[in-house]
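This report covers salt bridges first, then a helix pair. Have the sequence and structure open as you read.

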Amino acid sequence: MRKRPVSQVKTASGCLILLLTLLPATNLSASQPALAQDSLAIAADHFQKGDINAAEQAYTRAIANLPDNAYAYNRRAYCRYRLGRLDSSLEDYAVSLKLDPKNADSYFGSCMCHFLQKKYSQACTDISKAVELKPQESLYWFSRAMVLMKLGISNLAIEDFLNALNRESEPGKQAGYLDSSLKLLDEKDARLLRAAGYLAQENPDKAIEEADRVLKISSWSVDAYRIEAEAWKMKGDQSKYETNRTLAAILGPMPAKQRSTPVPESITRAEKSALSAVLKDPINKKLLAALAAARHDRAFAILTSESKVSRSAQLEEATACALSATELAPEDAGHWYLAGLLFQELSGTHRRASIMAEEMFEKSVENNPDYAPAWLELGLLLAGQNRGIEASVALEKALALDPGGTARYAVGPLVAMYALTDEGHRGQLFFEEQYEKNPEVPALGIGQSLMLNLQGERKKALALAKDLILLEKPGSDEHKYLSNLIKEWQGTL
């Protein structure tokens, strides 16, 4: 495999090499052999004088005497990185991490090697581990922002870039991050990060200036319109805020090609057609609703897709589409409901996703109080958090509005919430009333039986269960469940 010229590596890495030198060195153990200590000291001296070749050779001699020393491998890896020997550097970083798996600096160095090799997915894995191990290090957040932008994940890149600025107390380094982005990224991506950074620093004029530069390169940058909208809002210009916010909502999510999930051509055509119509008449509510419906369909298609795009990337793309639909047609409960489902899916990897899911479901039922699916999902989410009273209210509404469609999912959690809040009597009355109204829904009868048993009325509960099982087809889920209940309760009487 051809080695990259040293000059090429130095040019490509730019300020990352400078930033890497700022990382603190690891202290040496007093128990190391004297010869190895001399080699390490000599290596450090060569490095300080800028003689990287001599430093690399001295670290090699140290490793010969200290084959289990993670620090020596880490420093030789960095020397080899500086010399453009990226494959050898990665090998050393791998050994360093095997010896010291919690060394964030080695993960960072490995990330930089993969970054220069344009292996951005591997670089992202490395730098994410460094962030996890040392979250206070602003440089790691900045570096992950660079990698994420290369992967086309602009929303998360902006979030990490702002984290880097927030964690860095020195104004000089903050300015360094703003300037460095221009050396490491395409101009459009760098300007976008700078716009977000200036907005976070409450400098709306600079934010607007950078966002305008992005829009001159690509008038389809949704993030640039959103940032510019917030900057105008900060300046007190409500009209320009609304204009840019509307443009962002109309354009919607525009994922990078490498992350875009294939959807049926009919959905793509419908969205393009709706978008073209809206751009000609951006205040027409019917046209906006049609575009929202197309975005909704695209989000659902992505959610159910079996493409090879990573699941997390799929969910983020689908969520962006669903949120765009809520902005375009905020009165439609179904759009908020779909966004809530997607945030629930994201809750395993995104800390705030569960909170956002709750907000989406609440917005859905606020728009349409008779929308049973949203009440059901809201109730299940609250039940999972043991928020008994709130969960009970939501699940009761779901069952009352659509007993046939929700009973299978809502009855068990609702019984558990009644037990949690010591509301057995209320639960008994609720299920009794609902089953009387909907005798064709056996789950409601099962709920009534469970509540009788919870109230200490096991004989009545058993009698009801025996009546219910006669109405169910043998082999059905309800028949099996009732059979098990009857056996359990009979054995205790």
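Asp 92 is buried, at a relative accessible area of 3%. Here buried means under 20% relative accessible area, exposed means over 50%, and partly exposed lies in between (1.4 Å probe, protein chains only). This is a predicted model: local features need pLDDT of at least 70, side-chain atom pairs count only at pLDDT 80 or more, and totals for chains, interfaces and linings use all residues. Residues are numbered from 1 along each chain as its sequence is written, and side-chain values use heavy atoms, leaving out hydrogens and water.

The structure holds 27 salt bridges. Each is a side-chain nitrogen of Lys or Arg within 4 Å of a carboxyl oxygen of Asp or Glu.

| Pair | N to O distance |
|---|---|
| Asp 92 and Arg 76 | 2.7 Å |
| Glu 56 and Arg 85 | 3.8 Å |
| Arg 226 and Glu 327 | 3.6 Å |

Arg 226 sits in helix α14 and Glu 327 in helix α18, so this pair ties together parts 101 residues apart in sequence. Helices are DSSP runs (H or I, at least four residues), numbered from the N terminus. Arg 226 is partly exposed at 35%, and Glu 327 is partly exposed at 30%. Elsewhere, salt bridges with shared partners join Glu 56, Arg 76, Arg 80, Arg 85 and Asp 92 into one network.

Now the helix pair. The axes of α9 (residues 138–150) and α11 (residues 171–184) come within 11 Å and cross at roughly 35 degrees. Axes are lines fitted to C-alpha atoms over the stretch in contact, with angles from 0 to 180 degrees between N-to-C directions. Contact means heavy atoms within 4.5 Å. Phe 142 and Met 146 of α9 are among the contact residues, as are Tyr 177 and Leu 184 of α11.

Technical notes:
Helices (H or I, at least four residues) and strands (E, at least two) are DSSP runs, numbered from the N terminus.
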